[in-house]
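Student: Hi! Could you go through this structure with me?
Tutor: Happy to, just ask away.
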Amino acid sequence: MTETLVFGDLLDGARAFPRRVALSLGTNHLRLTPAEGDAVAWPLSALRSPPDQAHPTDLVLALADDPVTRLVIRDRDLAARIRAAAPTLHKRPPLQNTRKLIAWSVAAVASVALIIFVLVPVMANQLATFLPPSGEKALGDTTFEQIRTALDDGGFDPVPICENPEGLAALAKMEARLTASVDLPYPLTVHVLDHEMINAFALPGGYVVLFDGLLDIAEDPDEIAAVFAHEVGHVVARDPSRMALRSAGSIGVLGLLFGDFAGGAVVLFLAERLIQASYSQEAEMNADIFASDTLEKAGVSPLGLARMFERFEALSGDQPSLLDHFMAHPDLVSRIERAEASGSDADYTPSLTADEWQALKTICD
Amino acid sequence: MSDALGTEFVGRKGPYFWLSLKTGVLTILTLGFYRFWMKTRLRRYMWSAIRPGGHPMEYLGTPLEKLLGFLVAVVFLAFYIGIVNLILMFASFSLFAGNGAAYGLSFIGILPIIFFAQYRARRYILARTRWRGIRFGLEPGAWGYAWRAALHWLATIASVGILLPRQVFYLEKYRADRTFFGTERLHQGGRWQMLFPAMKHLIIAVFLIAGSVLAGQYGDETAFVSLPLGIAWLGYGAIYFRVESLRLLTNHKTLGDIRLQATPRAGRVMKIYGVGYLIVYTVVGAGFFALFIVIFAGVMAMIGSATQLDETFDIEMIEALSNTPFWLTTILTIMLYFTIFLMWNVLSQVFVGLPLAAHYAQTFSVLEPRHLTDVSQRPRDEFAEAEGFAEALDVGAAI
């Protein structure tokens, strides 16, 4: 043997006692000779080294099929030669538990899906009907303030509520006319927000919120009346409360899944998506049917509904779901068609006078 | 063999920085799924850097078992968290007309599970740690730990903090007395009252703050100086308590005839935190500043090139800039957020985590190590669930 003898610490994995062994590197084997007892030869092809070691030169060796035995080599020269000679030092151990891993992955995805898409919605639907009006109002108050703050781009001031008195009077008139025939669980709270977004939404506890942007693009008061009636439909069906309870259940679960890899950013992002998420197709359709009925009863032309949808579609492709279910519902379409076919506005009166309409459009000025 | 086995620490900032940067980037690119690999690799590095008696610790946990444990935890916790949160939110709004109660209750409801998860995580980490080829281990007992921890917390809160040493001592004793190195059981000796002196800076700080508030009420202007001093003192007091209680508890631990010794210094730990976070904030702040300069220069260059082309600069150009597609600005914002988050994490690992580990390691020694020869191997604790619960709940599974 031509190699010079150096020493290493052999840890046999049976006792917490390192044994000094003399080491010599051959062509195919690393030979370990203890002070007493027989020498052993470790085949170079079976040598493994644990990855991500902190020490820059020391070498820790293991054997491929032995989980506990370790050899610590501090001699730089020998460590370097072993690194050069051992072909599979950094080979990874074969994967274990692959089946178990797949089974639990499927189970995890399935249970999260079950929770978010079945259990939580079903429970939210049930519980929403038991929520007392005062509770719903509190939920709405909280959410309304959150949304006002979230909508403000730069600062921390909530988006202002528009309070031009003539505009408010016009809004109150529209509200009174549309809700005369409706059995509301609680009085409505109607606000216009000074924001250019073309949208409207309902919140738990009877909140109906219109954006100034919507008033700007609408060409006649019946279009606004149609949107208003649609949102009242959500209020009557208690859709916003269901939605709020749903997101309370779902957000925690989603946060769980993604962990803290981005300090909760994803959780916040998803929370916002959920808040903005649309109601189910069915809920939207029911709100539309409700709107068209209510408009009819109030003597307002339901054509406003159709025009508003056309306008949404023209503005952006962003409201296809609204349009889709609207078009997909033959009953609703035929009703609008009937209104259109009758051609005469004789049965209907505009929801607001020209002056009131002007006042409403300038409510934020 | 000498009568004390010191500990060397061979971790270095350079390699550790690259390792945590590399694994951090991969974690972000994989929407967080690489974190199991990241944690494993960082732990392997850190463990191998700590070398009592010159022999490196070895971390043998695998990423896949962590992933598996996480999935198991998700299956159970998804039901618990989803349904419980929903019901609490409902109850809170029906009974209290507000959501504060729901958040409070949902936190209290999850507390025992957090303690449970912390114990399980410790069991997993010890089961995957070896030194001199011998495994550590922790006996099962997570539920016992969870209710004890909950009661100790209640007692500490009810006694306005006076019983904090009792809580710290008995919870550590519960864990330590169930900890094994090979066949040898660790024992926590001493009494809980021995931790009272470690509270001294906390108590000084509390009196200083209370005195300042009182003086402020009577219009005494010294309160403007003494109140910030009191708050800073509170920070030092917290660190002092942690370091001192760790030192005292370690010095009263025995492993058969082997004794442990720790001599960490609160002043040194304070300095590591201070200097470390100063560096972290400076670097992240400088990064921010550089980014601002680049954006500013970019906008200026655009305006400059436009004027060279003899176009007049008008409001339309500003509009053109602000009309950058929404998805583009969103992606840029998200990338910026992740970059800052990543750098903050990596730098605090390197400039705070690593020096702290070095200090605690270098001030730790094993007394009468000749008795180590009595220690033999313990069987492997399979523990398929790994630290899944702690991982899912974000507690105690940090590296």
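Student: How do strand β4 and strand β5 of chain B pair?
Tutor: β4 (residues 129–131) and β5 (residues 134–138) of chain B pair in the antiparallel sense, over two bridges. Strands pair here if DSSP finds at least two bridges between them. Helices (H or I, at least four residues) and strands (E, at least two) are DSSP runs, numbered from the N terminus. Keep in mind that this is a predicted model: local features need pLDDT of at least 70, side-chain atom pairs count only at pLDDT 80 or more, and totals for chains, interfaces and linings use all residues. Residues are numbered from 1 along each chain as its sequence is written, while chains are lettered from A and ligands numbered from 1 in the order in which they are written.

Student: Which residue stands opposite B:Trp131?
Tutor: That is B:Ile134, in β5(B).

Student: And what is the strand order of the sheet in chain B?
Tutor: The order is β2-β1-β10-β9-β8-β7-β6-β5-β4-β3 in an open sheet of 10 strands, with antiparallel pairing. β2 (50–52) and β3 (57–59) of chain B are the edge strands, each pairing on one side only. On average, neighbouring strands are turned by 25° against each other, direction ignored.

Student: Which strands does helix α6 of chain B lie across?
Tutor: Helix α6(B) (residues 164–176) lies across β6 (179–181), β7 (184–188) and β8 (253–255) of chain B, and runs at about 170° to β7(B). Helix α8(B) (residues 223–251) packs on the sheet too, touching β7, β8 and β9 (258–262) of chain B, with its direction at about 165° to that of β9(B). For these angles, axes are lines fitted to C-alpha atoms, for helices over the stretch in contact, and values run from 0 to 180 degrees between N-to-C directions.

Student: Switching to chain A: which residues of helix α1 are buried?
Tutor: In α1(A) (residues 76–85), A:Leu78, A:Ala79 and A:Ile82 are buried. Buried means 20 or more other C-beta atoms within 10 Å of the residue's own, exposed 12 or fewer, and partly exposed in between, with C-beta atoms placed from the backbone. Those three cover an arc of only 100° around the axis, so they sit on the same side of α1(A); the arc is that of the directions from the helix axis to the C-beta atoms.

Student: What is on the face turned away from the buried side?
Tutor: The exposed residues A:Asp77, A:Ala80 and A:Ala84. The buried residues of α1(A) pack against β1 (6–11), β2 (19–25), β3 (29–34), β6 (59–63) and β7 (66–73) of chain A.

Student: What about A:Ala298, buried or exposed?
Tutor: A:Ala298 is buried, because 20 other C-beta atoms lie within 10 Å. A:Ala298 is found in helix α9(A) (residues 281–298). Leaving aside neighbours within four places in sequence, A:Ala298 is in contact with A:Arg177, A:Leu178, A:Ala180 and A:Ser181. Contact means that the C-beta atoms, placed from the backbone, lie within 7 Å.

Student: Last topic: how many residues of chain A are in contact with chain B?
Tutor: 58 residues of chain A are in contact with 52 residues of chain B. α2(A) gives the largest share of chain A's side, 14 residues. That side divides into 36 nonpolar, 15 polar and seven charged residues. Here Ala, Val, Leu, Ile, Met, Phe, Trp, Tyr, Cys and Pro count as nonpolar, Asp, Glu, Lys and Arg as charged, and the others, Gly among them, as polar.

Definitions and conventions:
Contact = placed C-beta atoms within 7 Å.
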